[in-house]
Amino acid sequence: MGRILVVDDERSMREFLAICLKRGGHEVTVADSGDQAISVLGTQAFDIVITDLRMPGETDGIGVLEAVKQLGLDTEVVVVTAFATTETALSAMKKGAYDYLTKPFKVDVINTVIDRALEKRSLVEANVALREQVAGRYRMASIIGKSPRMQRIFDLIAKIQSAKTSVLITGESGTGKELVARALHTEGTRSEAEFVAVNCGAIPDNLMESELFGHVKGSFTGAMSDKVGLIRRADKGTLFLDEIGELSLGLQVKLLRVLQERTVRPVGGETEVEVDVRVVAATNRELEEEVARGAFRSDLYYRLNVIELRLPPLRQRQTDIALLAEHFLTRHKAGLPREIRGFSPEARKHLEQYDYPGNVRELENMIERAVTLADGPLIEVADLPERKTTTPPLGVAAATVFPEEGIDLDRMIADFERGIVEQAMERAGGVRKRAAGLLGISFRSLRYRLAKLGLDSHDPATDETSDK
Ligand SMILES: Nc1ncnc2c1ncn2[C@@H]1O[C@H](COP(=O)(O)OP(=O)(O)OP(=O)(O)O)[C@@H](O)[C@H]1O
Ligand SMILES: [Mg+2]
């Protein structure tokens, strides 16, 4: 039940309201003028203020409303007006009043308005509570999650953060693999040294070896000076091998040696240099399948996969959605002139019922967009992307009646493929890595298809950075 301040210069009205509200179980305080209301508001907290609009003296109802806003209170204001002054009531609504009541009114009308206002208040409070949870035990480094599966991941991270064993992080695109890799580093005993991230899919194979292992001056054209290489840069720290599934077989052998011998031999070098790195690898492929089809070395797989951290897709941890949404809201509303307090119940439901093929990254993009679109204190369904049905256009092709004269199967498949790939690219905002995730194929495979279908208008130099 709520704490309510009733403001009216007319005694009979004050008493009538006070009686009704007390009967409804609320705690009521009365003020007989706008000025008195303001002084009470300065010392006591209220959930709702019900104020008459027209009152004699310095401060009328609008004045009370403005004072509430000026004091920065989140108290809801309901204004009471005579029928003749409805227009003033509307202007009060524009100024942020919650609702208005037109005199004379029935008891149940008051009750409905008050109940709704209180419900809104408790919603806002729920949002605040969520925000507090974000800061507490539902957070590890910058990873947020309250679902049992994420809590288990937190436990596992805590257990292995200071060990030296290799870790393989798997999970669909956007599930937070890099975030977890960074947490393993910052939370563990290696945090003083560097966390070196290498995207195995982004560096061309011929450059990769010297990037990773370094080189000696003059070992090949262009090797103007000695280069330490990323592995040695991660000495005493963590080497994060992202998209490990993209590493060529040749480099897999060389990497395996590093893991076994704990030494690095730079390109063109004579001697092995000792290194102390912890390797954390990540992939959104099923490495086991890659091993089975000979694209990934099994010995390296077992070396990397000493501990596997499998990040569940967001659709399998629905309880994290509201919390993550809140987290991203706080992040993206920073610096905005408008105050956005949270999500309407419908918007929250909308968010929770979506299946997020792009996982947490997709949710974050949705919230960022909603924050820019929202013009009220709450994010509404209209601020979220329309939910597309997940039935692929496959239905159309399947329904086609097989024509008498036969078909050109290759062309039909190519057309279909082009349509799907184009849609995925559009959905991914042109970021190929994300599109690959949406299509459930590897980055490399997407690159190949784009080239094949003549859709590759991308400047490779600017590609992956836009994904971060
Ligand atoms: N549990 C989480 N809490 C907070 N933010 C998260 C969480 N999971 C992911 N994110 C955010 O979502 C985005 C994607 O996460 P990240 O880059 O770690 O995913 P990924 O699994 O490496 O994806 P990809 O396979 O596409 O590289 C990042 O902005 C990250 O901060
Ligand atoms: Mg990643």
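**Figure 1. Domains contributing to the shell around ligand 1.** In this predicted model, domain 2 (139-312) and domain 3 (315-383) each supply at least three residues to the shell around ligand 1; the domain bounds come from an automatic or database domain assignment. Local features need pLDDT of at least 70 and side-chain atom pairs count only at pLDDT 80 or more, whereas totals for chains, interfaces and linings use all residues. Residues are numbered from 1 along each chain as its sequence is written, with chains lettered from A and ligands numbered from 1 in the order in which they are written.

**Figure 2. Residues and elements around ligand 1.** Ligand 1 is surrounded by 19 residues (C-beta atom, placed from the backbone, within 6 Å of the ligand), the closest being S173, G176, K177, E178 and V360. Two or more residues come from each of β7 (143-144), α7 (177-187), α13, α15 and α18 (432-439); helices (H or I, at least four residues) and strands (E, at least two) are DSSP runs, numbered from the N terminus.

Figure 3. Buried residues of α15 include N359, V360, L363 and M366 (20 or more other C-beta atoms, placed from the backbone, within 10 Å of the residue's own). The buried residues of this helix pack against α13 (321-333) and β16 (378-379), contact requiring C-beta atoms, placed from the backbone, within 7 Å.

How values were computed. Buried ≥ 20, exposed ≤ 12 C-beta atoms within 10 Å, placed from the backbone. Contact = placed C-beta atoms within 7 Å.
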